[in-house]
Each structure stands twice: as C-alpha cells, then as structure tokens.
Amino acid sequence: MGSMIDDKIRELIAIGASIGANCVPCLRYHYSYAYELGVSSEDIQQAIEIGKMVREQPKKHIDEEIPELQKRYQK
C-alpha cells in the first residue's frame, strides 16, 4: 500500500515542524526542497503560520503560569 503523503506534503509538514522546533538549519533545508518540488508560496506560507502557532503555545502557557505561581507563593 502506497503512502498518501507525497513529497510536497511531507516538506510542508517538515517546514511547520522546523519552525515549531526552532531549527534554523532544518527550516532552510525543507524550505529549499519544497521550493525545488514546486510547492506554492501560498502553501509554504500556510505551513509557516501553523509552525508559528505550534511554537507559541508553550510560551503562552508558561506566561500564564507565572502570575499563578507568584500569587500562590508570594510572601
């Protein structure tokens, strides 16, 4: 049985994952390869935006936790 994920989709996933992981060399590689495969700028931009959203979640959660901890342990 063949894969339902072709090379273009795989590279779009890799772009998002690279951004989510803050891996600059990974992003450079996968962006370049996606471009070589003919992935559209619009699709690459969508992958970038998804990667950014994934990357921001841990920051958002820790920023929300700080005031709770300060309130709980304030002397």
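Here is a tour that starts with the whole chain and then moves through it piece by piece.

**The whole chain**

Keep in mind as you click around that this is a predicted model. Start with a cartoon of everything: the protein chain has three helices and zero strands, and reading along the sequence gives you α-α-α.

Buried residues account for 19% of the 75 in the chain. If you colour by charge, you will find 10 positive and 12 negative side chains, and the centres of those two sets sit 9 Å apart. As for contacts between residues at least 6 apart in sequence, 59% of them join residues at least 24 apart.

**Stop one: helix H1**

Select residues 7-20. That is H1, with 14 residues and 20 Å from first C-alpha to last, close to the 20 Å expected at 1.5 Å a residue. Which residues of H1 are buried? Show side chains for Glu11, Leu12, Ala14, Ile15, Gly16, Ser18 and Ile19.

Zoom in on Ser18, a residue of H1. Ser18 has a relative accessible area of 6%, and so it counts as buried, the cut-off being under 20%. Skip its neighbours within four places in sequence and select what else Ser18 is in contact with: Cys23, Cys26, Leu27 and His30.

**Stop two: the loop between H1 and H2**

Now click Asn22, which is in the loop between H1 and H2. Is Asn22 buried or exposed? With 55% relative accessibility, Asn22 counts as exposed. Check its backbone torsions too: phi of Asn22 is near 55°, a positive value in a residue other than glycine.

**Stop three: helix H2**

Within H2, pick Arg28. Arg28 has a relative accessible area of 62%, so this side of the tour takes you to an exposed residue. For a distance check, draw a line from Arg28 to Gly16: the two are twelve residues apart in sequence and 12 Å apart in space, C-alpha to C-alpha. Then step just past the end of H2 to Gly38, where phi is positive at about 90°.

**Stop four: helix H3**

Finish in H3 by selecting Ile48. Ile48 is buried, with a relative accessible area of 14%. What is Ile48 in contact with, leaving aside its neighbours within four places in sequence? Show Ile15, Ile19 and Tyr31 to see those partners; Ile15 and Ile19 are among the buried residues you displayed in H1.

Note on methods. Residues numbered from 1 in each chain as written. Predicted model: local features only at pLDDT ≥ 70, side-chain atom pairs only at ≥ 80, totals over all residues. Heavy atoms only, no water. Helix = DSSP H or I, 4+ residues; strand = E, 2+ residues; numbered from the N terminus. Buried < 20%, exposed > 50% of the residue type's maximum accessible area, 1.4 Å probe, protein only. Contact = heavy atoms within 4.5 Å. Lys, Arg positive; Asp, Glu negative; His and termini not counted. Charge placed at Lys NZ, Arg CZ, Asp CG, Glu CD. Expected span 1.5 Å × (residues − 1).
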